[in-house]
Amino acid sequence: MLRKRSISRQVLDVTYAVVFVLLLLPSTLSGSYGSPGVGVLAGFGVALAVRRRSPRLSLALAWVVAVVQMVGGVLPLAADTAIFAILYCSAAYGDSVVRRFGLASAVGGGVIAALYLAYVDGNPFGPATEEGYQEPRIAQFALLLAGLWAMLGLSWALGRLAYARRTAIESAHARELAEVHQARAEHEVAIEQERNRIARDMHDIVAHSLAVVIAQADGARYVRAVDPAAVDTALTTISDTAREALSDVRVLLGQLRHSQGDLPNPTPDDLERLFDQVRATGLTIDSSIDTTSVSLGAGAHLALYRIAQESLTNALRHGDPDKPVTVTIESDSAGTELAVRNSVSSVRSASESGGHGIAGMKERASLAGGMCTASGDGSSWTVTAWLPAAGSSTKGIN
């Protein structure tokens with residue numbers, strides 16, 4: 001099978017083969033070998049020209065030429081040195097079958113060549129007998145065999161080393177490319193996760209702020225004639241809520257633009273401020289907060305705040321405004337549990353309180369190592385979340 005190689009290398013191989021033939025042609029013609037010697041030279045030249053493009057064909061052609069040389073009684077020529085380059089390329093550029101065949105050729109060819117040189121008529125290594133063959137010379141045969149094996153084996157071994165080196169370089173390049181792709185994929189995943197986090201924060205901030213603003217605006221419109229002072233209070237609350245939401249949204253947009261910076265991490269005092277903000281809309285909140293016996297991580301603190309914020313927003317939008325919302329936060333050494341329960345308005349069923357906000361609360365709790373559930377019984381809606389303390393393992397809700 002022909003190997004796909006660059007045109008420049010193919011031209012180089014053919015040029016090398018042509019130069020090889022032209023250099024050795026005069027000495028071959030001046031010898032006593034005649035046409036058989038020229039044929040051997042030409043055959044080895046063709047084998048050299050395709051040695052890298054098709055090591056299998058080159059090695060097979062070299063064997064054919066060597067057999068023709070021995071059958072024709074042609075003694076060793078300078079052209080026979082082409083065998084070393086052919087064996088090298090069989091190991092450096094051939095597949096596993098060609099490499100094994102090249103090694104077998106180095107071993108078997110050495111034996112055949114040593115026998116031919118030691119015993120064939122006309123061999124310069126010793127006087128011929130009247131029968132036309134040399135007397136058996138075991139020592140001479142052994143010496144020739146050792147030398148041939150050394151040269152042929154060295155050619156094949158150098159080719160094998162070149163193959164190993166090229167394979168190692170290709171593996172290193174493939175590994176570097178895989179690492180680049182992996183780093184790019186991890187970067188894209190991190191960007192996507194960051195965008196999802198920002199989208200959740202944006203949803204919580206905008207939904208909560210708009211719910212408060214709408215409730216305050218509606219309340220102010222209803223009581224404007226009866227209690228004008230309440231209008232000022234409502235407008236103040238609307239202004240503060242909108243200003244805070246605008247500040248948080250600007251931070252989020254800055255994160256999208258520069259991929260840096262975070263919103264301030266909420267504290268228990270921020271929870272109280274959140275409750276006061278919702279109470280200002282007229283919704284009654286009965287809260288009980290105990291976070292003294294646990295230390296939550298930054299992610300869990302943010303998840304606790306956002307889950308409470310989303311729960312109160314849902315209560316404000318879908319709950320019964322005439323009945324109080326109960327918020328309980330209890331902590332122990334393992335973590336913190338949040339429970340928000342509100343009555344459901346007769347106009348809406350408990351199931352209508354769900355949506356993307358519920359999915360976002362569950363995802364926030366999961367990312368923080370805890371869990372969140374939301375369920376209703378027709379008259380009330382309850383959100384329960386458990387978040388682990390810093391350094392503790394995840395467990396279920398009590």
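This is a predicted model: local features need pLDDT of at least 70, side-chain atom pairs count only at pLDDT 80 or more; totals for chains, interfaces and linings use all residues.
Confidence comes before geometry. The mean pLDDT of the protein is 78, with 79% of its residues at 70 or more. By element, helix H4 has the highest confidence, at a mean of 92, whereas helix H7 (residues 228-258) has the lowest, at 69. Two stretches call for separate mention. Over residues 122-134 the pLDDT stays under 50, and the model gives this stretch 29 contacts beyond four places in sequence. Over residues 346-354 the pLDDT also stays under 50, with 15 such contacts in the model.

The sheet is next. It is open and built from five strands in the order E1-E2-E3-E5-E4, with mixed pairing. Strand E1 (285-289) and strand E4 are its edges, each pairing on one side only. On average, neighbouring strands of this sheet are turned by 5 degrees against each other, direction ignored.

Strand E2 (residues 325-331) runs antiparallel to E3 and is joined to E3 by six bridges. The two form a hairpin, with three residues between them. Within this pair, Ile 329 has Leu 338 in E3 as its bridge partner.

Strand E3 (residues 335-343) also pairs with E5, again in the antiparallel sense, over nine bridges. Leu 338, the partner of Ile 329, stands opposite Ala 385 in E5.

The last topic is the largest pocket. In general, rolling a probe the size of a water molecule over the atoms shows where empty space is left. In this model the largest pocket holds about 560 Å³ of space. Its lining is made up of 25 residues, and those nearest the pocket centre are Ala 66, Asp 80, Ile 83, Gly 109 and Ala 113.

Which helices each supply at least two residues of this lining? They are helix H3 (55-71), helix H4 (82-93), helix H5 (96-119) and helix H6 (138-223). H5 gives the most, with seven residues. H4, one of these helices, is also the element where confidence is highest.

Asp 80 is among the residues nearest the centre of the pocket, and Asp counts as charged.

Technical notes:
Residues are numbered from 1 along each chain as its sequence is written. Side-chain values use heavy atoms; hydrogens and water are left out. On a 1 Å grid over the protein atoms alone, a cavity is a set of points where a 1.4 Å probe fits but cannot get out, and a pocket is an open set with protein on both sides within 12 Å along at least five of seven lines; lining residues have an atom within 4 Å of a point. Grid points are joined across faces, edges and corners, and a volume is the space filled by probe spheres set on the points. Helices (H or I, at least four residues) and strands (E, at least two) are DSSP runs, numbered from the N terminus. pLDDT is the predictor's confidence in each residue, from 0 to 100. Contact means heavy atoms within 4.5 Å. Two strands pair if DSSP finds at least two bridges between them. Axes are lines fitted to C-alpha atoms, for helices over the stretch in contact, and angles run from 0 to 180 degrees between N-to-C directions.
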